[in-house]
Amino acid sequence: MAETKRDEAQSELYYKKERLKYSPEEEARLERQHFWRIIDAFRFYRAHVQEQIVRAERQFKSLSPHHQSLVPGVLSNLARISQCAEHNQKVLQAIIQNSLHMFENVEYYSEREDDPGKVRPSSTFDMDKLKSTIKQFVRDWSEVGQAERDSCYRPIIEEVQRLFPCDQYDVSKVSVLVPGAGLGRLAWEIAQLGYTCQGNEWSFFMLFSSNFVLNRCEKRLPDNSDFSMVAGDFVEVYTEPESWDCVATCFFIDTAHNVLEYLEKIWKILKPGGAWINLGPLLYHFENMANELSIELCYEDIRAAMVKLGFIVEVEKESMQTTYTENDRSMLRYVYDCVFFVARKPSGRHFKNQSDDQQQSLPPAAKSPRQEDADRFT
């Protein structure tokens, strides 16, 4: 028992140490280092794919002539992949060029000590993130991704329109925040409808790419649109209380180290009477990462915490199934079992200390099959 207590104490101290702020100088140094690491990943893409192609060609050519003759299209398919990688690299290079000076308050380009054009190998982790970003282009900005956008974004957009209909509101004065905006399509769609909409994103992979597609591609928003993207950590960036009419989150809340911080932040920044619209699974991003704080709650616990904070759940649907960056030509298909809800921050008093009777009067959450499975192991 003593060993367990000591281990717990050491673990707690570790997480507290990790959450300490760096000095401004150290923070700036680490941010510059991270910036260039992501730029290097964009530059390394073609070489990375080419390494995989060369390996596949070598293995194919190790087969006997008879076996090679049974699948004559392999080499031509690999050549086609190489051409696609070449095309992708041209797009990535354009993204890089538009990213070097994208931040108004900081300049990274002049601070690179070595050759900024040199291609440097990147980690498998960074290359996986980059390939995921390329898939995000398909999901958010291609005709192929329309079905996924309809299944994920359409329910959120319809709720925004239901809660703040244009015949009852001057929608240009209705402010909608989209944390975890990725490449910005959901926020862009909401702004297209006339709402004041801001996307927030912390990943340089996504920020570089959204900057390119939103600011450098030909299609423009209507001239009267109020649309912006803000870089930074959601919890740190948004500090002004009661400043947003609506917060819309899609595949976002499980990106938290501590999902309860997200709940408290959303409660804080919503105006009285404002609404939180959410759709997504709970596949906690830091779950299996060593030395990373990861508070992994089931939906029932999250819902209970929302109610205790004061939210009133007005719409609730569990087991809404959708895919995410699905390749419809692949034999492997992941289907996400999502929860969709609309939660209102009441106008008037905030109900932070509701009685049990008040909480029980709210609509109950349906029992989740995933929670039932978890119960069998506890």
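Contact here means heavy atoms within 4.5 Å. The model is predicted, so local features need pLDDT of at least 70, side-chain atom pairs count only at pLDDT 80 or more, and totals for chains, interfaces and linings use all residues. Residues are numbered from 1 along each chain as its sequence is written, and side-chain values use heavy atoms, with hydrogens and water left out.

The protein chain contains 13 helices and seven strands. These elements are DSSP runs, numbered from the N terminus: helices are H or I with at least four residues, and strands are E with at least two. Of the 378 residues in the chain, 40% are buried. A residue is buried under 20% relative accessible area, exposed over 50%, and partly exposed in between, for a 1.4 Å probe and protein chains only. Among contacts with a separation of 6 or more, 75% join residues 24 or more positions apart.

Nonpolar cores were examined next. Such a core is a set of buried Ala, Val, Leu, Ile, Met, Phe, Trp, Tyr and Cys residues joined through side-chain atoms within 4.5 Å. The largest one has 31 residues. Phe-35, Phe-42, Tyr-45 and Phe-208 have the most contacts inside it. At least two residues of this core come from each of helix 2 (24-61), helix 4 (74-97), helix 5 (124-141) and helix 8 (204-215). Helix 2 gives the largest share, 10 residues. A second core is separate and has 29 residues. Val-171, Val-178, Ile-277 and Val-315 are included in this second core.

Helix 5 also holds Thr-124 and Arg-139. Thr-124 is exposed, at 59% relative accessible area. The C-alpha atom of Thr-124 is 9.6 Å from that of Ala-41, and the two residues are 83 apart along the chain. Arg-139, by contrast, is buried, with a relative accessible area of 2%. Not counting residues up to four places away in sequence, Arg-139 touches Gly-145, Glu-148, Arg-149, Cys-152, Tyr-153, Cys-250, Phe-251, Thr-323, Tyr-324 and Thr-325. One of these partners, Thr-325, sits in the loop between strand 6 and strand 7 (336-344). Thr-325 is not a glycine, yet has a positive phi of about 45°. Ser-319 is likewise not a glycine and has a positive phi of about 60°. Ser-319 belongs to strand 6 (residues 312-322). With a relative accessible area of 36%, Ser-319 is partly exposed.

Strand 7 includes Val-339. Val-339 is buried, at 5% relative accessible area. Leaving aside neighbours within four places in sequence, Val-339 is in contact with Asn-278, Leu-279, Gly-280, Tyr-299, Lys-317 and Glu-318. The C-alpha atoms of Val-339 and Gly-280 are 5.7 Å apart in space, while the residues are 59 apart in sequence. A C-alpha separation of 8.7 Å is found between Val-339 and Leu-282, 57 residues apart along the chain. Leu-282 lies in the loop between strand 5 (270-280) and helix 11 (299-309). Beyond residues up to four places away in sequence, Leu-282 touches Ile-253, Asp-254, Leu-297, Cys-298, Tyr-299 and Ile-302.

On a 1 Å grid over the protein atoms alone, a cavity is a set of points where a 1.4 Å probe fits but cannot get out; lining residues have an atom within 4 Å of a point. Grid points are joined across faces, edges and corners, and a volume is the space filled by probe spheres set on the points. One cavity of 30 Å³ or more is present. The largest cavity holds about 40 Å³ of space. The lining is formed by Gly-180, Asn-200, Glu-201, Trp-202, Gly-232, Asp-233, Phe-234, Val-235, Phe-252 and Tyr-262. Strand 2 (196-201) and helix 9 (234-237) each supply at least two lining residues. Five of the lining residues are nonpolar, three polar and two charged. In this division Ala, Val, Leu, Ile, Met, Phe, Trp, Tyr, Cys and Pro count as nonpolar, Asp, Glu, Lys and Arg as charged, and the others, Gly among them, as polar.

Cysteines complete the survey. A disulfide is a pair of cysteine sulfur atoms within 2.5 Å. By this rule, the count is zero. Cys-197 is in no disulfide, and its nearest cysteine sulfur, that of Cys-246, is 8.7 Å away. Cys-197 is buried, with a relative accessible area of 1%, whereas Cys-166 is exposed, at 64% relative accessibility.

Technical notes:
On a 1 Å grid over the protein atoms alone, a cavity is a set of points where a 1.4 Å probe fits but cannot get out, and a pocket is an open set with protein on both sides within 12 Å along at least five of seven lines; lining residues have an atom within 4 Å of a point.
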